[in-house]
Amino acid sequence: MRKNWWKILAACLVSASVVAGFIGPVPELHILNESIRNVYFHVPMWFSMLILYLISVIYSVKYLNSGDIKHDIMAVEAVNTGIIFCFFGLLTGMQWANITWGEPWPNDPKLNGSAIATLMYLAYLVLRNALDEEQKRAKISAVYNIFAFPIMVVLLYILPKLTDSLHPGSGGNSTFGELDMDNYMRPVFYSAVVGWILTGAWVCTIRYRLRLLENKSNKIQ
């Protein structure tokens, strides 16, 4: 029980934020209206993705320093889990954009940057599958991963701030926290962010353990 407290916390926070997201009160806002509820789902997906990619980079660095294949496995499983959250972030974002901007994917630097970043991490997974030798695959993908992360940060969080963008928090636009979220929404939002990040870590550890068992089984055979 002591080791699993954070998993219980993750389940409670996600469950509470989902319930509050669908039936809780929200402020009456022009254009956004009820779609503001999507902030409980869309934004936590991106936070979770970012944390998982960061974990992946840390373990890629650890692998290059130690040569321990377990570190490489954790790095790739963190990316595999992060990609899942990335796709959910894209889907919820497209739905929100269609409601507020009139189309699911307008020509916006934030959205285009997210598409490029997604392709970049998909290329990381393709690269791994293209290399057969274990140590070579681990080293090359670790180097790729280390360089991909700062590029992803630039694409998602720096370049959109330097140009015109429809997206909140970019192109001089205010974030939701500054204007649109009231005192009821903020704790629900922060709970959702923490809950989904912990859930992402939970899924990542499950995938990691399954990969270790798979590798152990292959060695026995």
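**Entry 1. Overall make-up**

I began with burial: 45% of the 221 residues in the protein are buried. I took buried as under 20% relative accessible area, exposed as over 50% and partly exposed as in between, with a 1.4 Å probe and protein chains only. I noted that this is a predicted model, in which local features need pLDDT of at least 70 and side-chain atom pairs count only at pLDDT 80 or more, while totals for chains, interfaces and linings use all residues. Residues are numbered from 1 along each chain as its sequence is written, and side-chain values use heavy atoms, with hydrogens and water left out.

I then looked up the secondary structure and found 7 helices and 0 strands. Along the sequence the pattern reads α-α-α-α-α-α-α. Helices (H or I, at least four residues) and strands (E, at least two) are DSSP runs, numbered from the N terminus.

I also looked up the contacts, meaning heavy atoms within 4.5 Å. Of the contacts in the protein with a separation of 6 or more, 74% are between residues 24 or more positions apart.

**Entry 2. Aromatic pairs**

I described each pair of aromatic rings by the distance of the centres and the angle of the planes. Rings of Phe, Tyr and Trp (its six-membered ring) pair if their centres lie within 6.5 Å; planes under 30 degrees apart count as stacked, over 60 as edge-to-face and the rest as tilted. By this rule I have 5 aromatic pairs.

One of them is F22 with F41, which is tilted because the ring centres are 5.4 Å apart and the planes stand at 40 degrees. F22 belongs to helix α1 (residues 5–23) and F41 to the loop between α1 and α2 (42–66), so this pair ties together parts 19 residues apart in sequence.

Next I looked at Y53 and Y121, which form a stacked pair with 3.9 Å from centre to centre and 10 degrees between the planes. Y53 is in helix α2 and Y121 in helix α4 (residues 109–130), so the pair ties together parts 68 residues apart in sequence. Y53 is buried, with a relative accessible area of 1%, and Y121 is buried as well, at 0%.

**Entry 3. A charge over a ring**

I looked for charges over rings, where NZ of Lys or CZ of Arg must be within 6 Å of the ring centre and within 35 degrees of the ring normal. K62 lies over the face of Y59, at 4.7 Å from the ring centre.

**Entry 4. Salt bridges**

Side chains of opposite charge can pair when their charged atoms come close. I used the rule that a salt bridge is a side-chain nitrogen of Lys or Arg within 4 Å of a carboxyl oxygen of Asp or Glu, and the count comes to 3 salt bridges.

D72 forms a salt bridge with R128, and their closest N and O atoms are 2.7 Å apart. This pair links distant parts of the chain, with D72 in helix α3 (residues 69–100) and R128 in helix α4, 56 residues apart. D72 is buried at 5% relative accessibility, and R128 is buried at 7%.

I then turned to E77, whose side chain meets that of R207 in a salt bridge at 2.6 Å, N to O. E77 lies in helix α3 and R207 in helix α7 (residues 185–220), 130 residues apart. E77 also meets R211 in a salt bridge at 2.8 Å, N to O. R211 is in helix α7 too, 134 residues from E77. E77 is buried at 2% relative accessibility, while R207 is partly exposed at 30% and R211 is partly exposed at 23%.

**Entry 5. Surface**

I looked up accessible areas, which come from the Shrake-Rupley method with a 1.4 Å probe; for residues, only the protein chains shown count as cover. The protein exposes about 12000 Å², and carbon and sulfur atoms supply 66% of it.

Patches are made of residues with over 30% relative accessible area and no salt bridge: like charges are joined within 9 Å, nonpolar side chains (Val, Leu, Ile, Met, Phe, Trp, Tyr) within 5 Å. I84, F88, L91, M94 and W105 form a nonpolar patch on the surface, with about 440 Å² of accessible area together. I placed W105 in the loop between α3 and α4; W105 is partly exposed, at 31% relative accessible area.
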